[in-house]
Amino acid sequence: MRIKRVVPGAGSGRSLLLVCGGGAGPSARAGVLASSVSAKATAEIARVWLLVRAPSGISPPFCFFKLGSAAAPPPPAEGWFSRSRSAARVPRLIAVSALLELLGIRLPIVQAPMAGVSTPALAAAVSNAGALGSVAVGTADVEATRRMLGEVRARTQRPFNLNVFCHRPARRDAAREARWLAALAPRFQSFGGAPPAQLDEVYRSFVGDDEMLALLLDERPPVVSFHFGAPPRAAIDALHGAGTRLLGSATSLDEARALEAAGVDAIVAQGYEAGGHRGVADPDAPDDRLGTLALTRLLAARCRVPVVAAGGIMDGAGIAAALALGAAAAQLGTAFIGCPESSADDAYRAALASPASAHTVMTRVVSGRPARCLANRFTELGAIVDEREVPDYPVAYAAGKALAAAARAAGEPGYGAQWAGQGAPLARFVPAAALVAALEAELLQASRTGASSI
Ligand SMILES: Cc1cc2nc3c(=O)[nH]c(=O)nc-3n(C[C@H](O)[C@H](O)[C@H](O)COP(=O)(O)O)c2cc1C
């Protein structure tokens, strides 16, 4: 193999890209390649990782090397990008391979954390299949988080992500909360119930939660992701010091820049199409409602850290499109709700499988923060109330959960928090491992032909 060009890696700044031509690519050994590089570069190479292995008979157009330390994590196994044959794809392959290496995964796919829906079994199945599984503990306390960490670790040795919420504390407003409970009272009564006498902040923010931080520093999850902003620098530095990789969710360039400044390793670009809570740091600030396409491209062009696209991505063609925009991976939530490993109830699954899945609504009536939900009885309420009358998150969620429980007890499932993204009609109902395998095959297909298989 002949080295034609040596390009400093764009991703981590500690990597080299070797653009190669001809020669015995498939059989080339890392040591041979290393000695082909200039003496200075060779001397710098503490450890050479050959991440690209070509299928037999095809000489790879490029090889990606990492200049790493012995303490760095091992490289992922052969990745999907190894079969790419176009050197023109190299810049984005650098970004992809740098993120795969950072997270220690094989596929550029993240199963989105989904509080109340994703489970340790789902995360483990996804991680075992080569993507990054996520455990959502934004609504869990320290004990539940410890238990979930144990459950996921019992099922997989692979890296996984643990997701926490960094919302600002609710601004309590007794008068507004009383008005909100009064507004909901007729609905409670129609189910033979009554609204709670008062509302509480049902979830604690990770910001300032020293007990949770101590647990994470002790447990050292491989990856931690933040939603609704980020914790202070000291927490970020402490998690980094524990060897944890950090992701943060952004819905705009300003939020992405704030996350970069906070020190995250990669940014989840969450478009307006996305299911579940919008990751906005301030739910009352003006929102440009950028879609996944525009946001991903914008952040990929302007941010220094890798970008993970999220929102409305349901299959390999969608992932390939995100990568073409410069994303280093895609995060899929709604696509995984139908997996048997999720904890979505029967009514949620049935709605997702029905024509009703074509209709989603961004509303804050359910929880107090904007979130995309399948259109249901609860979201209908959002159309007739003044959303400024909804108490802050998570206080409003206490009322929403009580109403959903009263309705369910009366046989009405339409008040559930049935979060889903705009791609919901493309949901599949297969085990997580089968879904990841299908996503991988579709991604390969779309990468080769530039087209989806359907
Ligand atoms: C049911 C559900 C629950 C979610 N819960 C969380 C969560 O706990 N933490 C988080 O960071 N994102 C959460 N999200 C948002 C996802 O991280 C991601 O942005 C979104 O799923 C991407 O859009 P998609 O659903 O169209 O794939 C949730 C999404 C869904 C659908």
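Helices, sheets and a ligand shell in a predicted model

The axes of helix 5 (residues 142-155) and helix 7 (residues 210-219) come within 10 Å and cross at roughly 20 degrees. Helix 5 is therefore roughly parallel to helix 7, a label used for angles under 35 degrees, while angles over 145 count as roughly antiparallel, 65 to 115 as roughly perpendicular and the rest as oblique. Axes here are lines fitted to C-alpha atoms, for helices over the stretch in contact, and angles run from 0 to 180 degrees between N-to-C directions. Helices (H or I, at least four residues) and strands (E, at least two) are DSSP runs, numbered from the N terminus.

This is a predicted model, in which local features need pLDDT of at least 70 and side-chain atom pairs count only at pLDDT 80 or more, whereas totals for chains, interfaces and linings use all residues. Residue numbers start from 1 along each chain as its sequence is written.

Helix 5 makes the contact with Val142, Thr145, Arg146 and Leu149, and helix 7 with Glu211, Met212, Leu215 and Glu219. Two residues are in contact if their C-beta atoms, placed from the backbone, lie within 7 Å. Sorted by class, this contact has four nonpolar, one polar and three charged residues. Ala, Val, Leu, Ile, Met, Phe, Trp, Tyr, Cys and Pro count as nonpolar, Asp, Glu, Lys and Arg as charged, and the others, Gly among them, as polar.

Helix 11 (residues 316-324) and helix 16 (residues 432-449) have axes 7 Å apart and pack at an angle of about 55 degrees. These two helices are therefore oblique to each other, and their crossing is right-handed. On the side of helix 11, Gly316, Ala317, Ile319 and Ala320 meet residues of helix 16 that include Leu439, Leu443 and Ala446. The contact of helix 11 with helix 16 has seven nonpolar, three polar and one charged residues.

Next come the sheets. Strands of a sheet pair through backbone hydrogen bonds, either parallel or antiparallel. Two strands count as paired if DSSP finds at least two bridges between them. Eight strands form an open sheet with parallel pairing, in the order 4-12-11-9-8-7-6-5. Strand 4 (109-111) and strand 5 (133-136) stand at its edges with a single partner strand each, so one side of each has no neighbour in the sheet. From one strand to the next, the twist averages 25 degrees. Within this sheet, strand 11 (residues 307-310) runs parallel to strand 12 and is joined to it by three bridges; Ala309 stands opposite Ala330 in strand 12. Helix 10 (residues 292-302) packs on the sheet, touching strand 8 (245-250), strand 9 (266-270) and strand 11, and its direction makes about 175 degrees with that of strand 11.

Another open sheet has three strands in the order 10-14-13, with antiparallel pairing. Its edge strands are strand 10 and strand 13 (360-363), each pairing on one side only. Four bridges link strand 13 to strand 14 (residues 371-374) in the antiparallel sense, and Thr360 stands opposite Leu374 in strand 14.

Finally, there is the ligand. Its shell has 30 residues, the closest being Met114, Gly275, Gly276, Gly333 and Gly421; a residue is near a molecule if its C-beta atom, placed from the backbone, lies within 6 Å of it. Strand 10 (276-277), strand 12 (329-332) and helix 12 (334-337) each supply at least two residues of this shell, and helix 12 gives the most, with three. By class, the shell has 14 nonpolar, 15 polar and one charged residues.

Conventions. A crossing is left-handed if the near helix is turned anticlockwise from the far one by less than a right angle, and right-handed if clockwise.
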